[in-house]
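User: I am new to this structure and would like to learn how to read it feature by feature. Could you take me through it slowly?

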Amino acid sequence: MWVLLAIAVVVVGFALRINSMLVVTAAGIVAGLIGGLSPVKILDAFGDGFAGSRSVTVFIVTLPVIGLIERYGLQHQARKLISKLKVLTTGRLLALYMVIRQGTAAVGLTSIGGYAQAVRPLIHPMAAGAAERKYGKLPEKMQEKIKGFAASADTVGVFFGEDIFVAIGSILLITGFVDTTYGLKLEAIDIAVWAIPTGICALLIHGTRLWLLDRTLDKLAAEADLEAQEAVR
């Protein structure tokens, strides 16, 4: 029961907005000490965990390349491209990206897309460019709204799409945990099949929210115009 104090460490750390890596590390140390592990064994557990999941950090290799491309005008070209495609509004663009993201994740291609690889350098600038084409210079509230929806399109798409692929790590983790802990025989294909209705619901619900984003931006633009008129008075 006392081991659950590690969860309290995570909650308090995130509430105080402390660096997430420090919070998770501290929670792991607390859980290990309460569980009776020696400092050496805790360090050994951290080492085994890092060695077993080091492929998760592969995306870091792409960051310098993306940064270099951005420096030479990637975001500018993305905005320029979207300005020519008048059919694609901000909401339609993000809805289309979510469909592509979820579809590729469903067949195991989770590395296609992502915040660092796609959202920041391409999707968000294109979404903002589509809004600027319609509304002109965007107020901060609209900019933050577009950033949030651009990130959510990626998150919802990959989260509800990847579980449809039977060989994804999350499904293998679930089956392995259930089999060893409860002595059951849980097949990966069963989880994948039952993930399909959930994925469809997520696509319909959040896809609709993205599609209706243009209406929200219209309201925010109207509010910004009223505030500007009142300020002039």
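**Reading the helices**

Analyst: Over residues 164-184 the chain is 67% helix and 0% strand, with the end C-alpha atoms 21 Å apart; helices (H or I, at least four residues) and strands (E, at least two) are DSSP runs, numbered from the N terminus. This is a predicted model, in which local features need pLDDT of at least 70 and side-chain atom pairs count only at pLDDT 80 or more, while totals for chains, interfaces and linings use all residues. Residues are numbered from 1 along each chain as its sequence is written, and side-chain values use heavy atoms, leaving out hydrogens and water.

User: How many helices and strands are there in the protein?

Analyst: The protein has 11 helices and 0 strands. Over residues 191-212 the chain is 95% helix, and the end C-alpha atoms are 31 Å apart.

User: How is the packing of two helices described?

Analyst: In general, two packed helices are described by the angle between their axes and the distance between the axes. Here helix α6 (residues 90-106) and helix α7 (residues 115-135) pack at about 150°, their axes being 8 Å apart; axes are lines fitted to C-alpha atoms, for helices over the stretch in contact, and angles run from 0 to 180 degrees between N-to-C directions. That makes α6 roughly antiparallel to α7, a term used for angles over 145 degrees. In this packing, T90, L93, L94 and Y97 of α6 meet residues of α7 including A118, V119, I123 and M126, where contact means heavy atoms within 4.5 Å.

User: Which residues have the most contacts inside the largest nonpolar core?

Analyst: As a general idea, in soluble globular proteins nonpolar side chains tend to be buried together. The largest nonpolar core here has 27 residues, and those with the most contacts inside it are L94, Y97, M142, I146, L210 and L217. Such a core is a set of buried Ala, Val, Leu, Ile, Met, Phe, Trp, Tyr and Cys residues joined through side-chain atoms within 4.5 Å, and buried means under 20% relative accessible area, exposed over 50%, partly exposed in between (1.4 Å probe, protein chains only). Helix α7 gives the largest share of this core, 7 residues.

User: What is the phi of R17, and is R17 buried or exposed?

Analyst: Most residues other than glycine have a negative phi. R17, however, has a phi near 60°, a positive value, and is found in the loop between α1 (5-15) and α2 (20-34). At 79% relative accessibility, R17 counts as exposed.

Key. Angles under 35 degrees count as roughly parallel, over 145 as roughly antiparallel, 65 to 115 as roughly perpendicular and the rest as oblique.
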